[in-house]
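Trainee: I would like to learn how to read a structure like this one. Where do we begin?

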2 protein chains.
Amino acid sequence: MAEAEPERGSMSSLRDVIAARPRVYRYLKPTPLYQYSGLSTLIGAKVWVKHENHLPVGAFKVRGGLNLVAQLSAAERGSGLYTASTGNHGQSIAYAARAHGVHATSAVPQGANPGKVAAMRGLGAEVVFHGEDFDRARVWVTQLAADRGGRYVGPTEEQLIHGVGTYALEIIEDLPQVDVIIVPVGGGSGACATAIVAKSINPRIQVIGVQSAQAPAIQMSWAAGKAVSADMKTIAEGLATRVPFENTQRIMRKYLDDFVLVEDAAIEAAILLLLEHTHNLAEGAGAASLAAAIMLSRKLAGKNVALVLSGGNLSLDQLRRLFERPRTPAAQG
Amino acid sequence: MAEAEPERGSMSSLRDVIAARPRVYRYLKPTPLYQYSGLSTLIGAKVWVKHENHLPVGAFKVRGGLNLVAQLSAAERGSGLYTASTGNHGQSIAYAARAHGVHATSAVPQGANPGKVAAMRGLGAEVVFHGEDFDRARVWVTQLAADRGGRYVGPTEEQLIHGVGTYALEIIEDLPQVDVIIVPVGGGSGACATAIVAKSINPRIQVIGVQSAQAPAIQMSWAAGKAVSADMKTIAEGLATRVPFENTQRIMRKYLDDFVLVEDAAIEAAILLLLEHTHNLAEGAGAASLAAAIMLSRKLAGKNVALVLSGGNLSLDQLRRLFERPRTPAAQG
């Protein structure tokens, strides 16, 4: 019997995600999916939270890093990996590189957050300061990688998407009756991975992306069907993308059922609601899925809803500011 | 070949903990043990955190509840379980009872924390208000259980200790070279379980208990070799025990290498340090192990140290108060 042709030769498939599983689970355990009665009452639905904040480095991206690093050639292993990020992508590559005994270099702009630089170094990565912003650091490190014959790893590479998809498979295994999965979108790897997995298994599962209204470039590009750039002023670093990535846009346009924007104030309120109801710390991106569910609560009524808490890397100063602020009914944002 | 006689007929053994594993893992996954470079630098040792806060109901005790409820007789299943607690013990029994389709009743005093009452009810337990404090609620519900032929479940029953011991086995499986395990002590089930498991596998593993200096009854009883009661003014509900339990005292006297007291101010500082370095919310009891490690850092230098983050159920108001307080160097408390 001939195998079915993939619909588009170059698009990632469920098969790639399944193949990633042993590479990912060699180093980490599946994360829990818990139902919370308080959040369920708040939304008027059956609300589960997928705890990607429980992973090493505190974010879903480590799954992608592990899948990518496991597949390096001997030459690539020898010449090392290069990224430009002090965020979850950079930490994920640093973690996976260390696990496999590969050298990782991360370029960051002058004045990058010292706590995050320390976290990268704690994971064994070499951190190099260069330039005044991340774009300059990225351009510089891409050239450095080329000069040294090393591999530059961008944030939405296919092997990263395949590794990330393992969390979506876990959601559907733990909750086969899931109706809606809400996923925060930064570069789009999480939303793409979730959409590929969910639609391949059960096309009736709705996959909804969410970005901040204070950094809407990816959502606007998705809605317009072409690349759009937009202001980027969000407090949620994990959602702050200025220019869309072609590969994730293509997948999201094919598969996402909806893609919404939430205000930063609603994200901040959602961080406090998650602390209150789940006792988990979420970073802005990680709380955006709850903020979206609150906004969409009419549509979600009575459904089985999984919220991806994509990461927990909020700094103590960021959290402190949430408590120092006068209380407002921003949760309804 | 004859089996070795247990050293004391009535004392729990490693065998009981191993037997508990399938009953526990039917409903939950092993929790991660992560090394944190920031905490390791702070203590001057290799510091791992055992994330019992990642469990359902956010605390280690659920392991014990699952082991106990799985072994109920048909008659006990029919007549239900009775506790007096809105804390982690009560939630643990409620969770396990629901998982097994058994009715759970929890007595609480008038004016008990509404958030915790809601959490118990969210887990399907019947919450009954009675009396002015927990002692009265406990006496009343013990009689109620007797009248109805139901089973009252106290916080340090042997089957609870056996279930709880599964986390200690996980620590040693993940980190066979562990030198020291620091465990918060409320009733003592966690410390007893850890000590039984660790000493049975490798007697050189040091097990250190910690309680608050603002609620030292269990530590003082351990040190004195007889029951001592003491004031109870700690902010860490999970460490607040007024009168020692005979069974856990017996095990702790036999096995614990040390048992220290930390000031509430040091516990509060440790909650913030855990948020900063691990992005996990700890309740007071859960942070006491880090507070103890900071106090004992000279003794721990260079060692492999596992800190049990026993639970994460800190309320939003409790956390808010930590941020509203003027900053002091209390971490050295």
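Mentor: With a definition. Axes are lines fitted to C-alpha atoms, for helices over the stretch in contact, and angles run from 0 to 180 degrees between N-to-C directions. Now apply that to a helix in this predicted model. H8(A) lies across S1, strand S2 (46-51), S7 and S10 of chain A. The helix H8(A) runs at about 45 degrees to S1(A).

Trainee: At about how many degrees to S7(A) does helix H13 of chain A run?

Mentor: About 135 degrees. Helix H13 (residues 284-295) of chain A lies across S2, S7, strand S8 (206-212), S9 and S10 of chain A.

Trainee: What is the order of the strands in the open sheet of chain A?

Mentor: General idea first. Strands of a sheet pair through backbone hydrogen bonds, either parallel or antiparallel. In chain A, six strands form an open sheet in the order S1-S2-S10-S7-S8-S9. The pairing is mixed. Strand S1 (33-35) and strand S9 (258-262) of chain A are the edge strands, and each pairs on one side only. From one strand to the next, the twist averages 25 degrees.

Trainee: In which sense do strands S7 and S10 of chain A pair?

Mentor: In the parallel sense. Strand S7 (residues 180-184) and strand S10 (residues 304-309) of chain A pair this way over three bridges. For a residue-level view, look at A:Ile181, which stands opposite A:Ala306 in S10(A).

Trainee: And chain B? What order do the strands of its open sheet have?

Mentor: The order is S1-S2-S10-S7-S8-S9 in chain B, six strands with mixed pairing. Strand S1 (33-35) and strand S9 (258-262) of chain B each have a single partner strand, so one side of each is left without a neighbour in the sheet.

Trainee: Which residue stands opposite B:Val180?

Mentor: B:Val305, in S10(B). Strand S7 (residues 180-184) and strand S10 (residues 304-309) of chain B pair in the parallel sense over three bridges.

Trainee: Which strands of chain B does helix H10 touch?

Mentor: Strand S8 (206-212) and S9 of chain B. Helix H10 (residues 217-224) of chain B packs on the sheet, and its direction makes about 145 degrees with that of S9(B). Helix H13 (residues 284-295) of chain B also packs on the sheet. This helix H13 touches strand S2 (46-51), S7, S8, S9 and S10 of chain B. The direction of H13 makes about 135 degrees with that of S7(B).

Trainee: Next, domains. How is chain A divided?

Mentor: Into domain 1 (14-60 + 158-332) and domain 2 (61-152). Taken over C-alpha atoms, 24 Å separate the centres of the two domains of chain A. Their contact takes 24 residues from domain 1 and 17 residues from domain 2 of chain A.

Trainee: Which elements give two or more residues to the domain 1 side of that contact?

Mentor: Helix H1 (14-25) and helix H8 (158-174) of chain A. H8(A) gives the most, with eight residues. The residues on the domain 1 side divide into 13 nonpolar, nine polar and two charged.

Trainee: Now the two chains. What rotation superposes chain B on chain A?

Mentor: One of 180 degrees, with 0.0 Å of shift along its axis and an RMSD of 0.0 Å. The two copies are thus related as by a two-fold rotation axis. The same surface serves both: 100% of the contact residues of chain B recur in chain A.

Trainee: How many residues does the contact take from each chain?

Mentor: The contact takes 25 residues from chain B and 25 residues from chain A. On the chain B side, the elements giving two or more residues are helix H2 (37-43), helix H6 (114-122), helix H12 (264-278) and helix H15 (316-324). H15(B) gives the most, with four residues. The residues on this side divide into twelve nonpolar, ten polar and three charged.

Trainee: Last, confidence. What is the mean pLDDT of chain A?

Mentor: The mean is 92, and 95% of the residues of chain A reach 70 or more. Over residues 1-9 of chain A, the pLDDT is below 50. Beyond near neighbours in sequence, that stretch has two contacts in the model. For the complex, the predictor gives an ipTM of 0.92 and a pTM of 0.93.

How values were computed
Residues are numbered from 1 along each chain as its sequence is written. Chains are lettered from A and ligands numbered from 1 in the order in which they are written. This is a predicted model: local features need pLDDT of at least 70, side-chain atom pairs count only at pLDDT 80 or more; totals for chains, interfaces and linings use all residues. Two strands pair if DSSP finds at least two bridges between them. Two residues are in contact if their C-beta atoms, placed from the backbone, lie within 7 Å. pLDDT is the predictor's confidence in each residue, from 0 to 100. Domain bounds come from an automatic or database domain assignment. Ala, Val, Leu, Ile, Met, Phe, Trp, Tyr, Cys and Pro count as nonpolar, Asp, Glu, Lys and Arg as charged, and the others, Gly among them, as polar. Copies are superposed by least squares on the C-alpha atoms of residues with pLDDT of at least 70 in both.
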